[in-house]
Structure formats: structure tokens, C-alpha cells
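Subject: Structure for your files

Hello,

Here is the structure you will be working with. My notes on what was found in it follow below.

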Amino acid sequence: MNAQNAQLAGALVGLGATITQAMDEIEDFVPCGHPASVIIDGLSALDKTLSDDQRNEHMSTVTGLIDHVSEKRGVPAHSIADMVELGGIKTQLLGELQDVALAVKDKTNENQNVNAWIYRSLAAIERNGNLEAAERMAEVQVIKAAVSTL
């Protein structure tokens, strides 16, 4: 990831964690496709050199969605995660998220399982410990296979 985009990555983690909490707390809640497309665009941009305006636009969109999900679904808005000392399996998971985002970016992603994996993977990066990140990493090949059929 481009070091200048660490704050964007942290915002994406916060959005994924906010959505995941809503999915966990609200029975049958399935987010619409808009947050998924915002996250996919953001993940796809992490290795790019973005202008300040481009980065600010991504940040504004992502943080606005964090607040929107929080308000509409009654869950706390998760903070922008500190990505400076990520390391280990969580760094690997973020790399896999970027790979999946790049693979799905130009496709019509109607697969809710892929979207849910993306949200839950971002939430796993936010959480303490590595267990959830390891669980999401164990699912990577299944997710990539699902993306290949889109």
C-alpha cells in the first residue's frame, strides 16, 4: 500500500467494521451495493498515487458512509483505524482484499457472499488479535473462485 494512503485504508477498515456490526446486530440485514462499490474503489486506489483532492474525495465518501450506516442502523460509527503498525496476517489480509477488489472492480458484483467477506475482512483488521483475520484468510481461495464466476 502506498504510505500516503494509510489513512484511506484505515477509513475503509472503519467502514467495514461499522457495516459488519450492523450485519451482526440486525437480523437479515444485507447492505445495498453502494458501500461495496465505495470500498472496492477505495481498496483499488490504495497502491495508486492519488492527488490530495482524490484522496480527500475518497475519505469524504468513506467517512460519510460510516456515519450513514451508524445513523440508519443504530450502531456505533467505527473510527478510522491506525494502519501504521498493522503487520503480519492483517497486512496479508489487506493485500488479499486489494487483489479481490481489483478482480471485481470492472465486473457486476451481485455476489453478497463476496461483499460480506470484504466487510468482515476489514472488520477483522480492526479487531484485537489475529484469529478473525486468519479465518478470513482461510476463505480467500473460495472468494477468489466466486469472483472469477462474476
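Thr 20 is buried, with a relative accessible area of 2% (buried means under 20% relative accessible area, exposed over 50%, partly exposed in between, with a 1.4 Å probe and protein chains only). This is a predicted model, in which local features need pLDDT of at least 70 and side-chain atom pairs count only at pLDDT 80 or more, while totals for chains, interfaces and linings use all residues. Residues are numbered from 1 along each chain as its sequence is written, and side-chain values use heavy atoms, with hydrogens and water left out.

Thr 20 belongs to helix α1; helices (H or I, at least four residues) and strands (E, at least two) are DSSP runs, numbered from the N terminus. A polar atom of the Thr 20 side chain lies 3.1 Å from the backbone oxygen of Tyr 119. A polar contact here is a pair of N or O atoms within 3.5 Å; within protein, one must be able to donate a hydrogen and the other to accept it, and residues adjacent in sequence count only if both atoms are side-chain atoms. Apart from neighbours within four places in sequence, Thr 20 is in contact (heavy atoms within 4.5 Å) with Tyr 119, Arg 120, Ala 123 and Arg 127.

**Tyr 119**

Tyr 119 is found in helix α5 and is buried, with a relative accessible area of 1%. Leaving aside neighbours within four places in sequence, the residues in contact with Tyr 119 include Gly 16, Ile 19, Thr 20 and Met 23, as well as Pro 31, Cys 32, Pro 35, Ala 36 and Ile 39. Gly 16 is 103 residues from Tyr 119 in sequence, yet the two are 4.3 Å apart, C-alpha to C-alpha.

**Overall fold**

The protein has 7 helices and 0 strands, in the order α-α-α-α-α-α-α along the sequence. Its radius of gyration is 14 Å, close to the 15 Å that the globule rule gives for 150 residues, so the protein is as compact as a globular protein of that length. The radius is taken over C-alpha atoms, and the rule is 2.2 Å times the number of residues to the power 0.38. Along the principal axes, the C-alpha atoms fill a box of roughly 40 × 35 × 35 Å.

Of the 150 residues, 48% are buried. Among contacts between residues at least 6 apart in sequence, 82% join residues at least 24 apart. The accessible surface comes to about 7600 Å², and 46% of that belongs to carbon and sulfur atoms.

In α1, 17 of the 20 residues are buried. At 1.5 Å a residue, α1 should span 28 Å, and its end C-alpha atoms are 29 Å apart, which agrees. The expected span is 1.5 Å times one less than the number of residues. Gly 14 lies in α1 and counts as buried at 0% relative accessibility. Not counting residues up to four places away in sequence, Gly 14 touches Ile 66, His 78 and Ser 79.

The buried residues of α2 include Pro 35, Ala 36, Val 38, Ile 39 and Leu 43. Their cover includes α1 (6-25), α3 (52-73), α4 (88-104) and α5 (112-126).

**The core**

Which residues touch the most other members of the largest nonpolar core? They are Ile 39, Leu 43, Met 83 and Ile 118, in a core of 47 residues. α1, α2, α3, α4, α5 and α7 (140-148) are the elements that give two or more residues to this core, and the largest share, 10 residues, comes from α1. A nonpolar core is a set of buried Ala, Val, Leu, Ile, Met, Phe, Trp, Tyr and Cys residues joined through side-chain atoms within 4.5 Å. Beyond four places in sequence, Ile 39 is in contact with Leu 12, Leu 15, Ile 19, Ile 118, Tyr 119 and Leu 122.

**Two exposed residues**

Asp 28 sits in the loop between α1 and α2 and counts as exposed at 70% relative accessibility. Asp 28 has a positive phi of about 65 degrees although it is not a glycine. Most residues other than glycine have a negative phi. Leu 131, in helix α6 (residues 131-138), counts as exposed at 62% relative accessibility.

Regards

Key:
Accessible areas come from the Shrake-Rupley method with a 1.4 Å probe; for residues, only the protein chains shown count as cover.
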